[in-house]
Amino acid sequence: MRRWRTITAGITGVVLGAGLAVGGATGASATPTGNWGTFTVSGSSKAYTGSVTMTGFPATTFTSNSRQSTVISGASTWQSAGTPVGAAGYGTSRGTTYINQRPAADNATSPSTTTYTFAEPAPGGSSWAFVLGDIDADQATISATDVNGNPVPAAALGYQGSYNSCSQAPTAGGWSCPPDPDGTTGKDAPTWNAGTSTLTGNAGATDTAGATAWFSPTASLKTLTISYQQRSGFPVYQTWFAVKTAAISGVARLDGAPIPGATVTVTAPRGVQYTTTTDADGRYTFPALPQINDYVATISAPDGATGSAQLTGLSLNTTITGNDRTDADFTFTSPQDTTSVIGTVVDADQHPVANLPIIILDPDDGTPLVNTTTNSEGVYTASDLPADTDLQVSIGGADPTPITTGPANAEPTPFAPVVAPPAVIATVTGLVTLDGSPVPAGQVVELLDGTGVVASTTTDAAGRYTFATVTGSYTVRTTAPADGATGATSTPGVDAVAGGSATADFPFVTPAAPAVVTTEQPGTVTDTKGEPVAGIGVVATPTGPDSGDPVTTTTGPDGTFTLTGLEPTTEYTIAVDGADPLTITTPDSGAAPAIAISVPAAVVTPTPTPTPTPTPSPSAPVVGGGSGTTPVSSTGGTTVGGDLAYTGADLTPGLIAAGVLVLLGGGLLTFRAVRNRRRTTHLQD
């Protein structure tokens, strides 16, 4: 049954591949797109580590004592947009990775344990999901802890339901499961027991395909643990992660003018913060926030202005697919009959100078009217100033320079950038690299002091970033430039001194591909006579549908073979034409003991015995004696007189034929004589 299933699956794969090749030029689907996790794994059997990366989701790492953990591409097995999880707004996982894992050993007392740890508390509010597939001949027990390390009740794990992800399932559109003669494939689904937090496969513990359940936690989690246990056979289970995201965006304005470089912070209910800065048009965007409710957005209000610097109740989970909030605007105005100013400070290289003290003075008596600092783009703002008035501004403690305000309650005209005195500027710079090469331009880097983010910038084409600021101790942070890249994302304790430059580099490394652990199965094929059989095919086919592809080899001249690249601790059926199939289980690593396979000995057809050559009769002497010459003899000479040499002809058939002809001739003559006699008699009458 397994071999037929594998053969049929292979044929199905060819047909599907041809269909995809033909259909590849069709238009894009309108199905919602989810952010499915990208898995990495390293280590070896029973000592794996790895990561899961998703847009808008905290960095996630895991450890596992599974005897086998393998990252799968998602090209042949996936969650379709038509499955319950896909229809809930996550879309299809096709083409994104998931992880295959096994128990520690194939018995009921040796489960494997995989624990996922979130760098920041994972969001609740049913904004993300984890999916467990191929739960059939096995069971999974699930537990979690909250932000304080306390156990999370089963209800908070957010079990959403069970289904079958194959195309034969009630919800069509998934991958095509291999046919199964017992009729269970594509139909069974696991059962959830909230009392024990256990997900159990079909009642018969039959190895099928597509049995799936999905969860969407309602509580914020710090860890998630899955304990996976065998019930029969050699089971494999699958894990996917997905998150739903939506955007919050808006514009910051002062008396109608955009405020560039303002730092905006969005805080989730679980306390996690996200920051960004406004662009030249005063617009900010958080493009991928977990789709939960009640975010709070804040900004630094211009000094002296009226208007709220905090927006509450920003919810993104009001529909299945989420709703982007594009109306989170910060609108500030000057008090009646006053005005505002917007200015910019740069260094000699035109880098904006952040966190630089700015004092606006009354020139008549030197009274400070405004004390503020420049923001991420070197921009300072002030409000509640007298209209159409000559004032002074002191930048970084330098001597004041004159400025003139505009009309009351009118949109302020930005001042031309002012170059700050070099003596007050401290520079923080560095390189962001991946595997020794600069990251692409646009990598975001932030500068923080004890109060939070004071500046944000991006790398240039050479991977370099630069902050111009004031003396102080800072932390510089960025994000990994590629999924799974390793390296510190934060550099604390960067001491910047006025007139000097501090360096903080970020060298990231692409994780090495995990070592692929495979095993070998040697053996010998002989016939029933004990003779080696050379050149015969040997095929190892995994009995489980998710245990890899068949492996084929051919015996050598001495009948030996070695099947290489077999999955560890996996059941295979070894097939050789003429022999009964043999089932083996591979070891954890290395080569298994050699096996011996016997096939029937070849049947040898005997060569027919040739007809014996008759002995020739003596030849008659030449009539009249004479001196006639005989034909050339076998020795090449000639003989004068005597018998004729034997030519190899057998006279018996000829004599028989001659006798027959004589008899026929006699009969013919007799017939003619009778007829002629009758004719003569007739004439006489």
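**View 1. A cluster of aromatic rings.** Ring pairs join Phe39, Phe57, Phe62, Tyr116, Phe118, Trp128, Phe130, Tyr159, Trp192, Phe215 and Phe241 into a cluster, where rings of Phe, Tyr and Trp (its six-membered ring) pair if their centres lie within 6.5 Å, and planes under 30 degrees apart count as stacked, over 60 as edge-to-face and the rest as tilted. The model is a predicted one, in which local features need pLDDT of at least 70 and side-chain atom pairs count only at pLDDT 80 or more, while totals for chains, interfaces and linings use all residues. Residues are numbered from 1 along each chain as its sequence is written, and side-chain values use heavy atoms, with hydrogens and water left out.

**View 2. The ring pair of Phe118 and Trp128.** By the ring rule, the count comes to 19 aromatic pairs. In the pair shown here, the ring centres of Phe118 and Trp128 are 5.7 Å apart and the planes stand at 70°, so the pair is edge-to-face. Because Phe118 lies in strand S7 and Trp128 in strand S8 (residues 128–133), the pair ties together parts that are 10 residues apart in sequence; helices (H or I, at least four residues) and strands (E, at least two) are DSSP runs, numbered from the N terminus. Phe118 and Trp128 are both buried, a term that means under 20% relative accessible area, with exposed being over 50% and partly exposed in between (1.4 Å probe, protein chains only).

**View 3. The open sheet that contains S7.** An open sheet is formed by 8 strands in the order S2-S3-S4-S7-S14-S9-S12-S11, with antiparallel pairing. Strand S2 (38–44) and strand S11 (191–193) stand at the edges, and each has a single partner strand, so one side of each is left without a neighbour in the sheet. From one strand to the next, the twist averages 20°, taken from axes that are lines fitted to C-alpha atoms (for helices over the stretch in contact), with angles running from 0 to 180 degrees between N-to-C directions. Within this sheet, strand S4 (residues 60–64) pairs with strand S7 (residues 112–122) in the antiparallel sense over 5 bridges, two strands being paired if DSSP finds at least two bridges between them. Ser64 has Thr114 as its bridge partner in S7.

**View 4. Strand S6 and its partners.** In strand S6 (residues 98–101), Tyr98 and Asn100 on one side and Ile99 and Gln101 on the other are all buried, so that both faces are covered. Strand S5 (residues 69–72) pairs with S6 in the antiparallel sense over 4 bridges, and Ser69 has Gln101 as its bridge partner in S6. Strand S15 (residues 237–243) runs antiparallel to S6 and is joined to S6 by 3 bridges, with Tyr237 as the bridge partner of Gln101 in S15.
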